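This report considers side-chain contacts, namely aromatic pairs and salt bridges. The sequence and structure are shown first.

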Amino acid sequence: MKASAFSYARASSVGNALELLVVHGENAKVLSGGQSLMPAMNLRLISPEMIVDIGRLAELRGIAVTEDVVRIGALTRHADLARSPEIAAHAPLLTQAVGHVAHPAIRNRGTIGGSLAHADPASELPACMVALGATIVVGGPHGERRIAAADFFTGIYQTALTAQELLTAVELPVLPKESAHFFDEFARRHGDYAMVGLAAQAIVRGEVLADFRPVFFAVGDRPVLARAASGLLNRPVTPALLSDALAELAAELEPEGDQQASVSMRRHLAKLLLVRCVAALLGRPGLAAGASG
Ligand SMILES: Cc1cc2nc3c(=O)[nH]c(=O)nc-3n(C[C@H](O)[C@H](O)[C@H](O)COP(=O)(O)OP(=O)(O)OC[C@H]3O[C@@H](n4cnc5c(N)ncnc54)[C@H](O)[C@@H]3O)c2cc1C
């Protein structure tokens, strides 16, 4: 199938893109890498009347590190994230996660801004943003807005963006010393969307988790920061404590079943990922064997 007829405008600057979005509002769609937008249009899941192509706006591309922030332009491609020494040094969670996003051809064109604006609940990068405590930077007709990643994702393919706004960048706080991360997902094949995944950022002090942000994806309508983690903070994690956290996790997750995995399978895989995560962060592989969930 081919997309319905549409008008096309290549934005010459961020300001020009915003002007076009103000004029065309709900009838317009922003085009970045096109890896989600074009398939959706070709399948006629959506039929925007106007495409605003921001793909050549160099001002939206690139990674910059200051004393306390890593700023990533919205048009930075998945492949650029994967090979960036700055990201490897300051947000290794992202380096690891991006290798699970689709396939090389898609990673060569798909962008971080497109992935976050698309807000697929099975996507890796939105969960990473919540785990990393990122700020999403948005340009609009009334200037710039800055939105905490935890508030940005509002439902399946839904975000806090309005039709007249453009995601321009994300900012990650530079991680404190003793930071550790974990990423893993279950997918039918490498590169497929996850059945269940977990992106976690932590501070490990001695033998305890001083901070822990485990964010699950593909188990709800948006990334889920598990409340179950709070019981594991600032004390030695015993198998019994971990079992309690697993029971709490199963109660708080509300996954949907589909052709990939049933509800109970998703809950089971999420528990498995939490056990692996805590065992890996604390360097205690034996913990996985002791916990029952
Ligand atoms: C076969 C296949 C497998 C895939 N597997 C995965 C996977 O495993 N994990 C995963 O996370 N993704 C996966 N994807 C999606 C892919 O990663 C896309 O690259 C990404 O979701 C969107 O980035 P993009 O730059 O191509 O955005 P586009 O397709 O250009 O845009 C996506 C949406 O975001 C909007 N948008 C884009 N940029 C902006 C902006 N700056 N401001 C406001 N709105 C904007 C568009 O209007 C559109 O609605 C897969 C895609 C395909 C085709």
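## Salt bridges and aromatic pairs

With a relative accessibility of 11%, Glu-171 counts as buried, because buried means under 20%. The model described here is a predicted one. The partner of Glu-171 in a salt bridge is Arg-71, and their closest N and O atoms are 2.7 Å apart. Arg-71 belongs to strand β5 (residues 69-73) and Glu-171 to strand β10 (residues 166-173), so this pair ties together parts that are 100 residues apart in sequence. Arg-71 counts as partly exposed, at 33% relative accessibility. Both residues also belong to a network of salt bridges that links Arg-71, Glu-144, Arg-146 and Glu-171.

In total, the structure holds ten salt bridges. Three of them, including the one just described, are listed below.

| Salt bridge | N to O distance |
|---|---|
| Arg-71 and Glu-171 | 2.7 Å |
| Arg-145 and Glu-165 | 2.8 Å |
| Arg-205 and Glu-178 | 3.1 Å |

Glu-165 and Arg-145 meet through their side chains in a salt bridge. Glu-165 sits in the loop between β9 (158-159) and β10, whereas Arg-145 is part of strand β7 (residues 143-148), so the contact ties together parts that are 20 residues apart in sequence. Glu-165 is buried, its relative accessible area being 10%, while Arg-145 is partly exposed at 33%.

A further salt bridge joins Arg-205 to Glu-178. Arg-205 lies in strand β12 (residues 196-205) and Glu-178 in the loop between β10 and β11, so parts that are 27 residues apart in sequence are tied together by the pair. Arg-205 counts as partly exposed, with 44% relative accessibility, and Glu-178 is partly exposed as well, with a relative accessible area of 41%.

Turning to the rings, the structure contains two aromatic pairs. In one of them, the ring centres of Phe-152 and Phe-153 are 5.1 Å apart and the planes stand at 90°, so the pair is edge-to-face. Phe-152 and Phe-153 are both buried. Phe-183 and Phe-217 form a stacked pair, with 5.8 Å from centre to centre and 25° between the planes. Phe-183 is in strand β11 (residues 179-186) and Phe-217 in strand β13 (residues 208-217), so the pair ties together parts that are 34 residues apart in sequence. Phe-183 is buried, as is Phe-217.

Terms used. Residues numbered from 1 in each chain as written. Predicted model: local features only at pLDDT ≥ 70, side-chain atom pairs only at ≥ 80, totals over all residues. Heavy atoms only, no water. Phe/Tyr/Trp six-rings, centres within 6.5 Å; stacked < 30°, edge-to-face > 60°. Buried < 20%, exposed > 50% of the residue type's maximum accessible area, 1.4 Å probe, protein only. Helix = DSSP H or I, 4+ residues; strand = E, 2+ residues; numbered from the N terminus. Salt bridge = Lys/Arg side-chain N within 4 Å of Asp/Glu carboxyl O.
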